Amino acid sequence: MEAKFSDIRQAYEIDKKSPLIFRAMPKIKDTYMAPIMRFAMKVNIAAQVMSRTVAAFLYTLQKNTSFNREIEQRSLATATFIQQVDELFDSFNGSQITPPTGKDIKCLVTDDSAHQSYWKKAFQIIKKWKFKRFTKQGNLRTTKPPSQIGWLTSIRAIQYIWNDLRSKGFSSLRPRALNQDALENLFGAIRSGCGDNPTVFQFIGSLKTQILNGLTKQALSGTNCEEDDNVLLSNLKSFLHVEETHTDSDAETGGNEETLSVAYVSGFIAKKILGPDHQCDDCQQLLCSTSMEAQNLFIAFKEWTDNENRLMYPSENLVIAVGHAVTVLENFIQKHGGKPDLSKCSAIEIKNVVNFSWFSCELHCNTIIEGVIKAVCPIGIPWWCKRQNRNIIQEKKDARATKRKIRKFKNQ
Ligand SMILES: [Zn+2]
């Protein structure tokens, strides 16, 4: 039996004659029928075309006498193929113990789940798939697309993983968690900051910027992955925001996620200020500490190697000052955002409000404090602007979406 993509196209054309709300396949759009450019790489589009809904619609067209003159008998094969692919996706996408109704295989892999016998069967079926495509000269040729080999590899792999886990005492496996979407999304975000062919330094710089900016949804739009459900440990606001009251309870604040993030930014600032030229033991002692201090846990985890400390560990006083400075800066921009010389004015405000009396190196006191303040502003201000812009864009998007919905309801 031969399955053809043209059957799906034909079914889509028939379905398109109905108004949108009555359509059997409302999720399918024109662009999906001839996927080019970025659409061709989107897994979610493939998943929507290869879905049970589309298969079901093809079956319906077959059964319905008013349509079956329009659509060939052979298209049953297409429906069957789509259903097989849909099931394959399901078998790799379960995240709950009980599967949703009608999707028996979309659940956790356990000893009792149907996965084992299903994959055995599916492996044999996929092996027999033969794909035909037209060459540029217009001849039909049998090909083995990477996706076919990929499915076979994936099935083998997940069987090995499950057997291995079971032998180590695991009672279930969540196949939805077995993907590299998070990694791909991260790399996509890094690429958006430094292009496709960065140097090592550009790459590291972009990675740091992305961590600082938060891997926002906006930055991820246009990637070819399904959105992963992961949340960033901290966005920059929580990254930098620290309460003033944390001063004397080091041990308690040590585990606090926000303090750890502020520590990271503070270390970044300390490294910038204490360049190789600044050789003063007092300054070093006041601004830096060892990795053993509680607030530096996060940085210690980020070290590339265990043997060598490449990242700077800030002192607790510096962490508190930077955290307070960012809070002051944010409040200041909120009130005086539109005024000229924002950077200068907010720097003065920070200098007036934040406590720097702990910094007692008389020789460098002014330069260092100025340096810390100067470092906080270029991190905090652009980020604040970016966030405001993002809010405005989101509001516009929401408004457009509402309009669209109203139009749909009116069936225009
Ligand atoms: Zn000094």
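This is a predicted model: local features need pLDDT of at least 70, side-chain atom pairs count only at pLDDT 80 or more; totals for chains, interfaces and linings use all residues.

**Entry 1: a stretch with a record.** I began with residues 177-204, where the chain is 68% helix and 0% strand. The end C-alpha atoms of that stretch sit 27 Å apart.

**Entry 2: helix α8.** Next I looked at α8, which runs over residues 181-194. Its 14 residues reach 20 Å from first C-alpha to last, close to the 20 Å expected at 1.5 Å a residue. Which residues of α8 are buried? I found Asn185, Ala189 and Ile190. Looking down the axis of α8, I saw these buried residues fall within an arc of 135 degrees, so they line one face of the helix. Just after α8 I came to Gly195, which has a positive phi of about 80 degrees.

**Entry 3: stepping back.** I wanted the overall make-up, and the protein turned out to have 18 helices and 2 strands. Of its 412 residues, 25% are buried. I also checked contacts between residues at least 6 apart in sequence, and 62% of them join residues at least 24 apart.

**Entry 4: the strands.** How do β1 and β2 pair, parallel or antiparallel? β1 (residues 131-134) and β2 (residues 140-143) pair in the antiparallel sense, over 4 bridges.

**Entry 5: His115.** I then turned to His115, in helix α6 (residues 115-128). Is His115 buried or exposed? I counted it as buried, because 24 other C-beta atoms lie within 10 Å and 20 or more is the cut-off for that label. Apart from neighbours within four places in sequence, His115 is in contact with Ser91, Ile105 and Val109. I looked at one of these by distance: His115 and Ile105 are 10 residues apart in sequence and 6.6 Å apart in space, C-alpha to C-alpha.

**Entry 6: the largest nonpolar core.** The largest nonpolar core has 31 residues. Which of them touch the most other members? My list reads Ala321, Val322, Ala325, Leu329, Ile350, Val372 and Val376. The elements giving two or more residues to this core are α13 (257-273), α14 (281-287), α16 (316-336) and α18 (365-409). α16 gives the most, with 11 residues. I followed up Ala325: leaving aside neighbours within four places in sequence, this residue is in contact with Ile350, Val354, Ile373 and Val376. There is also a second, separate core of 22 residues, which includes Ile28, Val54, Phe81 and Ile155.

**Entry 7: helix α4.** Val54 sent me to α4 (residues 52-63), where Val54, Ala55, Phe57, Leu58 and Leu61 are buried. They cover an arc of only 160 degrees around the axis, which puts them on the same side of α4. This helix has 12 residues and reaches 16 Å from first C-alpha to last, close to the 16 Å expected at 1.5 Å a residue.

**Entry 8: two last residues.** Back in helix α16, I looked up Asn317. Asn317 is partly exposed, with 18 other C-beta atoms within 10 Å. Asn317 and Leu286 are 31 residues apart in sequence, and I read 7.8 Å between their C-alpha atoms. Then I went on to Asp341, in the loop between α16 and α17 (342-353). What is the phi of Asp341? The value is near 55 degrees, which is positive in a residue other than glycine. I made a note of this because most residues other than glycine have a negative phi. Asp341 is exposed, with 10 other C-beta atoms within 10 Å.

Notes:
Residues are numbered from 1 along each chain as its sequence is written. The expected span of a helix is 1.5 Å times one less than its number of residues. A residue is buried if 20 or more other C-beta atoms lie within 10 Å of its own, exposed if 12 or fewer, and partly exposed in between; C-beta atoms are placed from the backbone. The arc is that of the directions from the helix axis to the C-beta atoms. Two residues are in contact if their C-beta atoms, placed from the backbone, lie within 7 Å. Two strands pair if DSSP finds at least two bridges between them. A nonpolar core is a set of buried Ala, Val, Leu, Ile, Met, Phe, Trp, Tyr and Cys residues joined through C-beta atoms within 7 Å.
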